[in-house]
Amino acid sequence: MNTLLLGIGAWDPEPWRARFKAVLPDWDIVLHTEPFDRRAIHYAAAWKQPEGTFAGLPELEAIFSLGAGVDHLFKDTRLPEGVPVVRVVDPDLTTRMSEYVVMHCLMALRRVRIYDGFQRDRKWIDLRDQPQASDLQVGLLGMGVLGQDAAMKLRTMGFRVAGWSRRQKDVAGVAMHHGDEGLEAVVASSDILVAMMPLTPDTTGILNARLFARMPKAEAIGGPVLINVGRGGLQVETDILAALDAGTLGAAVLDVFETEPLPEASPLWLHPKVTATPHNSAISSPPAIAAYVAGQIKAHMAGDALTNVVDPKHGY
Ligand code: NDP
Ligand code: OXD
């Protein structure tokens with residue numbers, strides 16, 4: 001019997017075992033916490049697995065992340081070299097992420113946070129000078145699968161869009177930049193910055209005081225807005241709080257945090273300029289992810305190449 005190893009450290013693994021059993025009914029689905037024959041493992045799937053979960057598996061042919069991000073895999077210092085790592089690319093996940101990004105850009109445009117304050121104070125105030133979407137530029141840091149979909153939908157809503165990627169690339173209707181100079185250009189011209197890139201050694205802590213200080217004043221929306229849906233490790237939370245208090249940032253929408261779950265004592269919870277969501281901007285259907293992984297395994301066993309394999313050299 002074929003065996004799939006699940007290395008799941010963050011979620012309840014049993015529903016995942018059931019989901020994989022539903023799509024691989026003839027397979028044995030084992031958890032890393034229980035005894036299994038290490039030579040029988042050709043495929044593994046993981047989310048925030050403990051260090052060393054995949055070491056000492058001589059027949060391992062591929063490791064599947066159960067999400068789009070793979071930073072949880074590459075931080076494992078005992079991840080076997082040469083075994084392909086595959087990530088999730090799923091239209092449902094992409095759509096949900098774009099919904100979140102477009103919604104929060106529209107909320108910033110329509111100054112929902114400010115009007116909420118007026119409502120709480122029972123104040124009938126019409127600010128009048130409502131900007132148009134085309135008055136604002138949204139800068140997308142990360143122009144991969146998620147960034148490109150969000151860019152298209154933001155453009156449909158009328159926003160100007162700039163994008164930043166590691167390599168030079170062209171995306172229709174988007175002012176594209178790359179490299180350090182490119183980052184400066186996007187940041188200096190974007191009223192709303194959306195971080196949609198992976199966490200790698202190059203991107204760790206990139207959302208910091210230095211970067212916030214370079215954003216425009218964005219007075220029309222009460223100050224520049226930071227949206228981070230990438231990973232918590234991209235942001236320096238003490239810098240975000242200081243920038244919000246100093247008015248360098250007008251608001252922050254954070255779906256990801258340096259420590260997750262966000263500790264109860266974090267000042268981000270109750271800060272009036274912060275929207276915090278529990279890393280669910282793009283929750284995709286778990287059965288769809290199990291079906292995607294099973295589909296890739298079956299195709300690979302039939303001799304096809306794996307798709308959405310990440311580059312270990314760049315960590316995404
Ligand atoms: P992709 O791999 O398709 O795109 C990544 C993008 O980031 C690419 O444009 C890439 O550049 C760019 N990038 C990477 N490193 C750098 C760098 N050093 N400098 C500039 N640009 C860089 O990933 P996805 O779009 O599918 O997903 C992005 C991230 O979103 C995931 O890694 C994950 O962390 C996060 N995510 C969060 C979710 C949530 O619920 N909050 C859900 C799903 C994903 P290039 O185009 O040149 O390669
Ligand atoms: C992912 C996530 O990477 O949900 O898919 O964060």
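Among contacts in the protein chain between residues at least 6 apart in sequence, what percentage join residues at least 24 apart? The share is 60%, where a contact means heavy atoms within 4.5 Å. This is a predicted model, in which local features need pLDDT of at least 70 and side-chain atom pairs count only at pLDDT 80 or more, while totals for chains, interfaces and linings use all residues. Residues are numbered from 1 along each chain as its sequence is written, chains are lettered from A and ligands numbered from 1 in the order in which they are written, and side-chain values use heavy atoms, with hydrogens and water left out.

**Overall build**

- The protein chain holds nine helices and twelve strands, these being DSSP runs numbered from the N terminus (helices H or I, at least four residues; strands E, at least two).
- Its radius of gyration is 21 Å, close to the 20 Å that the globule rule gives for 316 residues, so the chain is as compact as a globular protein of that length; the radius is taken over C-alpha atoms, and the rule is 2.2 Å times the number of residues to the power 0.38.
- Of the 316 residues, 48% count as buried, which is to say under 20% relative accessible area, with exposed meaning over 50% and partly exposed lying in between (1.4 Å probe, protein chains only).

**The sheet and its helices**

- Seven strands form an open sheet with parallel pairing, in the order β8-β7-β6-β9-β10-β11-β12, where two strands pair if DSSP finds at least two bridges between them.
- At the edges stand β8 (175-178) and β12 (274-276), each of which pairs on one side only.
- Strand β6 (residues 137-141) runs parallel to β9 (residues 192-195) and is joined to β9 by four bridges, with V138 standing opposite I192 in β9.
- Helix α3 (residues 91-109) lies across β6, β9, β10 (225-228), β11 (251-254) and β12, and runs at about 160° to β9; axes are lines fitted to C-alpha atoms, for helices over the stretch in contact, and angles run from 0 to 180 degrees between N-to-C directions.
- Helix α5 (residues 145-156) also packs on the sheet, touching β6 and β7 (160-165), and its direction makes about 170° with that of β6.

**Helix α8**

- In α8 (residues 237-246), the buried residues are E237, I240, L241, A243 and L244.
- Seen down the axis of α8, these buried residues fall within an arc of 165°, so they line one face of the helix; the arc is that of the directions from the helix axis to the C-beta atoms.
- The buried residues of α8 pack against α7 (209-213), β10, β11 and β12, whereas the face turned away from the buried side carries the exposed residues T238, D245 and A246.
- Just after α8, G247 takes a positive phi of about 85°.
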